[in-house]
Amino acid sequence: MTVISYRQALHDTLRAELLRDQDVLLLGEEIGVFEGSYKITAGLLAEFGPRRVRDTPICEEGFVGTAIGAAMLGLRPVVEIMTINFSLLAIDQIVNHAAKMRSMFGGQVSVPLVIRTPGGGGQQLAATHSQNLEVFYAHVPGLKVLAPSTPADAKGLLTAAIRDDDPVLLLENLALYNTKGEVPDGDHTVEIGTATVTKPGTDITVVAYSRAAVVALDVARRLEDQGISVEVVDLRSLRPLDRDTICASVRRTSRAVVLEDDWLSYGIGAEIAATIQEGAFDYLDAPVRRVAAAEVPLPYAKPLELAALPDAAALTRAIRDTLAGAHLPGPEATHA
Amino acid sequence: MAEASPAPVSAAGTGRHPTGDAAGDPAVLRGYYRQMRLIREFEQRAAEMYTKAKIGGYCHLNLGEEATVVGLMAALRPRDYLFTTYREHGYALARGADPARVMAELFGRTSGLSGGRGGSMHLFDADRRLLGGYGIVGGQIPPATGAALALAYRNQPGPDAEAVMCLLGDATTNIGAFHECLNLAAVWRLPIVYVIVNNQLGMGTPVEAAAGEPELYRRGCSYRIPGQRVDGNDVLAVREAARDALHRARAEHQPMLLETVSYRLRGHSVVDPARYRSDADTQRLRELDPLPAFRTRLIDTGVLDADTAARIDTEAQQEVTAAVDTADRAPAPAVDTLFDYVYATDVANTYRGMPGDPVVAP
C-alpha cells in the first residue's frame with residue numbers, strides 16, 4: 001500500500017498498462033506535449049513516444065470515433081476527453097456506434113475502448129465547463145460507466161476498464177485529482193458493476209458516487225460523533241448499477257438520501273430513488289431524498305456557484321430532515 | 001483551371017496500373033458482368049420482398065450503381081477493410097458474401113450476416129473484412145479512419161500492406177465527421193481511401209444545393225488529400241482509379257479521395273417514389289443504365305455472346321431465387337437471446353429485465 005493522489009493513481013495505471021500491453025495507446029487533446037491539461041499523462045509521451053501517446057487535433061467526434069475503429073481491429077485505445085462537457089461533440093460516436101456495434105453486428109466485433117473524462121463544477125468555469133453529464137451515458141445499453149471516488153478505486157477501475165472488451169466511460173472529477181489515499185501496490189483491479197459500503201451504519205443510507213461519495217463519507221464521519229449512524233454506499237459503477245447493494249443497505253437502515261453533483265431532475269439519483277422504492281418499499285420509513293445541483297446553467301459569480309452546487313451542509317440538512325420525519329404532515333400525525 | 005493547392009486533383013484516371021491486371025481479360029470482364037447482374041437481380045428482388053413485408057425498416061438499393069460497386073470491389077484486396085453506408089447490399093455481394101445470408105439479414109433471421117440483429121443498413125462480415133453497414137450518415141467515417149490508424153500503428157507502408165476503403169455518399173461530404181476525419185487521416189498519414197459515391201442526390205437534395213464545393217473530389221484540398229473524379233458507370237475506370245488510390249494509401253500512407261459519379265435508378269429507398277425527379281430525368285437515367293450498356297459493350301467486343309449473356313442472366317435470377325428460399329426457411333432469433341451480444345465481457349449486475357418486469361426483487 002502507498003499513499004498517492006488520485007491523479008498519480010491514474011497516471012501510474014496508464015503507464016503500467018502501456019508497459020504491459022503493446023496494444024494500449026492513448027489519444028486526446030494536449031495529453032502529450034502539454035503533459036495533459038490536468039497532468040494525468042505527464043511524462044508518458046517522453047517515455048512511450050508519439051506512436052503510443054497521440055496528441056489529437058480538436059475534433060472529439062473524429063478522434064473518439066477513430067479510437068472506436070482502432071478498437072474494432074483489436075487495439076485498446078484509452079481516450080481522454082478533456083472534460084465531460086466536450087463529450088457532447090462525440091456523443092454520436094459514443095452512443096450510436098461504440099455502444100451498439102457489437103449488438104448490431106451480431107457479436108462479430110467488440111469495441112475495447114476506454115474514455116476517461118472529468119466532470120464537476122466549482123472552479124468558476126461557468127456553465128459550459130462545469131457539467132456532470134454522466135447520466136446521458138449511464139442510460140445507454142452497451143456502455144459501461146464507472147465513477148471511482150478514491151485513488152485506489154481510480155487504479156482498480158481504470159485497470160479493469162482497460163482490460164474489459166467493451167466501451168467504458170470512466171468518470172473522473174476535477175475536485176478529486178488532488179485527493180490522496182492508500183492504493184494497493186502491483187496489480188489491482190476493482191470489479192466492474194459493483195458498489196461498495198464505505199462506511200457501515202444503522203440510521204440512514206447515503207448513496208453517492210465520485211466527488212459526492214467523498215463528501216458523503218466526510219459528513220457521515222462527522223455525524224457519527226453526534227450520534228447519527230450513517231451508512232455510505234459508493235456506487236463506483238453507474239452502468240451496470242449495483243441495485244442489490246443499494247437495496248440491501250436501505251433494508252438495514254430504512255432511510256435513504258442520494259447525494260449527486262448533477263442536476264436533480266432526471267439525474268442519476270432519480271434512478272436510485274426509483275430502485276429503492278421498488279426494492280425496499282416495505283422497509284422505508286421516509287421518502288428517498290435527493291441532494292443535487294440547482295437546475296440552472298451554472299453561473300460564474302462565486303456566491304451563485306456555491307449556492308447552486310450541493311455540499312456537505314445540504315446533505316446534512318437532508319439527513320436531519322429525513323430522520324426527523326420532515327415529510328410527515330404535522331404534529332397531530334402519529335408515526336407507527 | 002489553375003489550382004493553388006499543392007494536392008493534385010484530376011477529373012480523369014491517371015492511367016497507371018500498378019498491379020498489371022490486363023483490363024481486357026475476357027474472363028475477368030465476364031466475371032464483372034456476372035456480379036453486376038447478380039446485384040441487379042438481388043436488389044430488384046429485395047424491393048419486391050420489402051413490398052411483401054418480408055423486409056422491414058428501410059431498404060436502400062444499389063440499382064443503377066452496379067458498375068461503381070463492382071469496380072470498387074475489384075480494386076479492393078481481400079485483406080483490405082471496407083466500411084460502407086447503409087446502401088451496401090451490392091458491396092456485400094461483390095465482396096463475396098453468400099446471397100442467402102445477405103437476404104437472411106434483410107429478413108431478420110439468425111443466418112443473416114449480422115445474425116438478424118442489424119438488418120439492411122448494418123451488414124457486417126468479419127471474414128470478408130466488411131466492417132459495416134452504417135445507418136447514421138457519416139457514422140462509418142470515424143471508425144474507418146480508426147481502422148486505418150490501427151494499420152498504421154502496426155505496419156509499415158508498402159505495396160502489399162493493408163488499407164481501408166471508406167464509402168460515403170455525396171451529401172455526407174457536408175457533415176462534420178467527414179472533415180474531422182480527413183484532417184486526422186492527413187495529419188496522422190493513414191492508409192485510407194475515402195470514396196464519395198456521388199449519385200447526385202442526398203434523398204431529395206441535389207449536390208449543388210448542399211455543397212459549397214459541388215466538385216466533391218476537390219474537398220480534400222483543405223487537408224492536402226489528392227482527389228480524383230471518375231465515371232461511376234464505367235466499371236474499369238472505377239477499378240483503375242480505386243487501385244491507384246489504394247496503392248498510394250498502402251504504399252505511402254497517403255490518404256486519398258475518390259469521387260465516383262453515378263446515379264440511382266430509383267428513389268432513396270424502396271418507399272421513396274422520387275417525385276423530386278422529373279419524368280424526363282427518370283427516363284434519361286434509364287437510358288444511361290450501366291448494366292445493359294456494359295452487356296452490349298461486351299457483346300459488341302466479343303467478350304460475351306448473346307447466349308452466354310442470357311445464361312448469366314438466368315443463373316443470376318436462379319441464384320437470387322434460391323437465396324430467398326434459403327433465407328425464408330431460416331428462423332428469427334429467439335426472444336431469450338435478446339441480450340446476447342450487448343457486452344463482450346460479462347460484468348456483474350447487468351440488468352436484463354423485460355418490459356414490465358420488477359427492477360429488483362423486493
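B:R37 sits at 14% relative accessibility, so this arginine counts as buried. Keep in mind that we're looking at a predicted model.

**The B:R37 pair**

- B:R37 has a partner: its side chain meets that of B:E41 in a salt bridge, with 3.7 Å from N to O.
- Both residues belong to helix α1 (residues 26-51) of chain B, and being 4 residues apart there puts about one helical turn between B:R37 and B:E41.
- Is B:E41 buried or exposed? With a relative accessibility of 9%, B:E41 counts as buried.
- The cut-off behind that call is under 20% relative accessible area, so B:R37 at 14% makes it too.

**Chain B as a whole**

- Chain B is built from 11 helices and 8 strands.
- Its radius of gyration is 21 Å, which agrees with the value near 21 Å that a compact globule of 362 residues would have.
- Taken along the principal axes, the C-alpha atoms fill a box of roughly 75 × 50 × 40 Å.
- Of the 362 residues in chain B, 54% count as buried.
- Take the contacts in chain B between residues at least 6 apart in sequence: 75% of them join residues at least 24 apart.

**Where chain B meets chain A**

- Chain B puts 48 residues into the contact, and chain A puts in 59 residues.
- Together the two chains bury about 4200 Å², and 62% of that is on carbon and sulfur atoms.
- How many salt bridges are there between chain B and chain A? The count is 0.
- Polar contacts are another matter: 21 residue pairs between chain B and chain A are in polar contact, counting pairs with both residues at pLDDT 80 or more.
- On the chain B side, the elements that give two or more residues are β2 (81-83), α5 (141-154) and α6 (176-188).
- Helix α5(B) supplies the largest share of that side, with 10 residues.
- Sorted by class, the chain B side has 32 nonpolar, 12 polar and 4 charged residues.

**A loop arginine, B:R128**

- You'll find B:R128 in the loop between α4 (99-107) and α5 of chain B.
- B:R128 counts as partly exposed, because its relative accessibility is 31%.
- Its side chain is joined to that of B:D125 by a polar contact of 2.9 Å.
- Leaving out residues up to four places away in sequence, B:R128 touches B:R95, B:G96 and B:A97.
- B:V69 is 59 residues away from B:R128 along the chain, and their C-alpha atoms are separated by 15 Å.

**A covered helix in chain A**

- Helix α4 (residues 91-98) of chain A is mostly covered, with 6 of its 8 residues buried.
- Which residues of α4(A) are buried? They are A:D92, A:Q93, A:I94, A:V95, A:H97 and A:A98.
- The cover over these buried residues includes α3 (60-72), α5 (101-104), β5 (114-119) and α6 (134-138) of chain A, and α5 of chain B is part of it as well.

**Salt bridges, with a look at chain A**

- Over all chains, the count comes to 39 salt bridges.
- One of them pairs A:D187 with A:R163, where the closest N and O atoms are 2.8 Å apart.
- A:D187 is in the loop between β8 (180-183) and β9 (196-199) of chain A while A:R163 is in helix α7 (residues 151-163), so this pair ties together parts 24 residues apart in sequence.
- A:D187 is exposed, with a relative accessible area of 61%, whereas A:R163 counts as partly exposed at 30% relative accessibility.
- A:D187 and A:R163 also turn up in a network of salt bridges that links them with A:E17 and A:R20.
- Another salt bridge joins A:R255 and A:D285, with the closest N and O atoms 3.8 Å apart.
- Here both partners are in loops of chain A: A:R255 between α9 (243-253) and β13 (256-263), and A:D285 between α10 (268-279) and β14 (289-293), so the pair ties together parts 30 residues apart in sequence.
- A:R255 counts as buried at 19% relative accessibility, while A:D285 counts as partly exposed at 32%.

Methods. Residues numbered from 1 in each chain as written. Chains lettered and ligands numbered in written order. Predicted model: local features only at pLDDT ≥ 70, side-chain atom pairs only at ≥ 80, totals over all residues. Heavy atoms only, no water. Contact = heavy atoms within 4.5 Å. Buried area = accessible area lost by both parts, 1.4 Å probe. Salt bridge = Lys/Arg side-chain N within 4 Å of Asp/Glu carboxyl O. Polar contact = N/O pair within 3.5 Å; in protein donor to acceptor, adjacent residues only side chain to side chain. Nonpolar A, V, L, I, M, F, W, Y, C, P; charged D, E, K, R; others polar. Rg over C-alpha atoms; globule rule 2.2 N^0.38 Å. Buried < 20%, exposed > 50% of the residue type's maximum accessible area, 1.4 Å probe, protein only.
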